[in-house]
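Dear colleague,

I am passing on the structure that we spoke about, and below it you will find my notes on what was found. Please read them with the model open beside you.

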Amino acid sequence: MARSRTRAWIARLAGATVALAGAACAVAAGPPQRIVSLNLCTDQLLIDIVPRERIVALSHLAADARLSTVADRIAGLALVRGTAEEVLALEPDLVIAGEHSTPATVSLLRRLGMDVLVVPMASDIDGIRRAIRMIAETAGEIVRGEAIVAAFDARLEAAQPRDAARPTALAYQINSLTAGAGSLIDVAMEAAGYRNLARSLTLGPGGRLPLETLVTRPPDLVVLANSPDSFPTASADNLRHPALRDLLARRAHVALDMPLWLCGTPSLAEAVERLGSTRGSVALGEPVR
């Protein structure tokens, strides 16, 4: 049985090689027309940059509304888990992957001669711009990519604080995690004119901040980076704790949906806008809901 599966796989690869030769000709003739994305972050960029009819498949995580900003826009598109076999069956002329996603698949596809674009995952605003431009250039959509970058920059500019005040903010997540320097939440808070309190705290393993510390040393703004309703497991019990509810009843707070900051996409501008909209109420000591 194992030999039979191996022979079938080899035959499939041989057939794919023929298909790839045809794909190479198509690429030479113009921009790719059959694009597969293997990464949640590149999924969200691709669907904004490239016409839908040129997208063959996205990663299965694109359909998870807890993680993805495009979950409501992908009906009818194939979803893949990133195996070489399922990608080859789709006969794409371009595969887009993240720098840490499906490395074995990326390696095999490249050995077979397939055009694979690996996009570095953005950890700052410049990184978001670079990722957009990489995909746009490779897909032959440079004008569209520049329009997306320009719109992103305009939103960030409009959300910039108009005063020099630097109230503190701290993101609080499931498992009592917070977000320090180098995270996209940190980038959003800084862009909105806040000082990330996590930068000056001693954090536990993985960036954990005990609830007791948050309650006794709260920031001016508590940023709820996860919804407790999205995680009905014990990992989110810290978000349902009475002590946190009591803190939120007397302290300014705002919710940032996970899809806004999980990936480096223009959706980060919405996170900055939400944070920026709280600054007046934080200065006045009013609750933000």
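Does Asn196 count as buried or exposed? This is a predicted model, in which local features need pLDDT of at least 70 and side-chain atom pairs count only at pLDDT 80 or more, while totals for chains, interfaces and linings use all residues. Residues are numbered from 1 along each chain as its sequence is written, and side-chain values use heavy atoms, with hydrogens and water left out.

Asn196 counts as buried because its relative accessibility is 1%, where buried means under 20% relative accessible area, exposed over 50% and partly exposed in between, with a 1.4 Å probe and protein chains only. Asn196 lies in strand E7, residues 195-196; helices (H or I, at least four residues) and strands (E, at least two) are DSSP runs, numbered from the N terminus. Its side chain makes a polar contact with the side chain of Asp186 at 2.9 Å, a polar contact being a pair of N or O atoms within 3.5 Å, of which, within protein, one must be able to donate a hydrogen and the other to accept it, and residues adjacent in sequence count only if both atoms are side-chain atoms. Leaving aside neighbours within four places in sequence, Asn196 is also in contact (heavy atoms within 4.5 Å) with residues including Ala169, Leu170 and Met189.

Leu256 sits in the loop between strand E9 (253-255) and helix H10 (258-261), and at 2% relative accessibility Leu256 likewise counts as buried. Not counting residues up to four places away in sequence, Leu256 touches Val223, Leu224, Ala225, Trp261, Ala271, Arg274 and Leu275. Leu256 and Ala171 are 85 residues apart in sequence, yet their C-alpha atoms are 9.0 Å apart in space.

Turning to helix packing, helix H6 (residues 142-159) and helix H11 (residues 268-276) pack at an angle of about 10 degrees, with their axes 9 Å apart; axes are lines fitted to C-alpha atoms, for helices over the stretch in contact, and angles run from 0 to 180 degrees between N-to-C directions. H6 and H11 are therefore roughly parallel to each other, a term for angles under 35 degrees. The contact is made by Phe152, Arg155, Leu156 and Ala159 of H6 and by Ala269, Glu270, Val272 and Glu273 of H11.

For the protein overall, there are 12 helices and nine strands, and buried residues make up 48% of the 289 residues.

Methods. Parallel < 35°, antiparallel > 145°, perpendicular 65-115°, else oblique.
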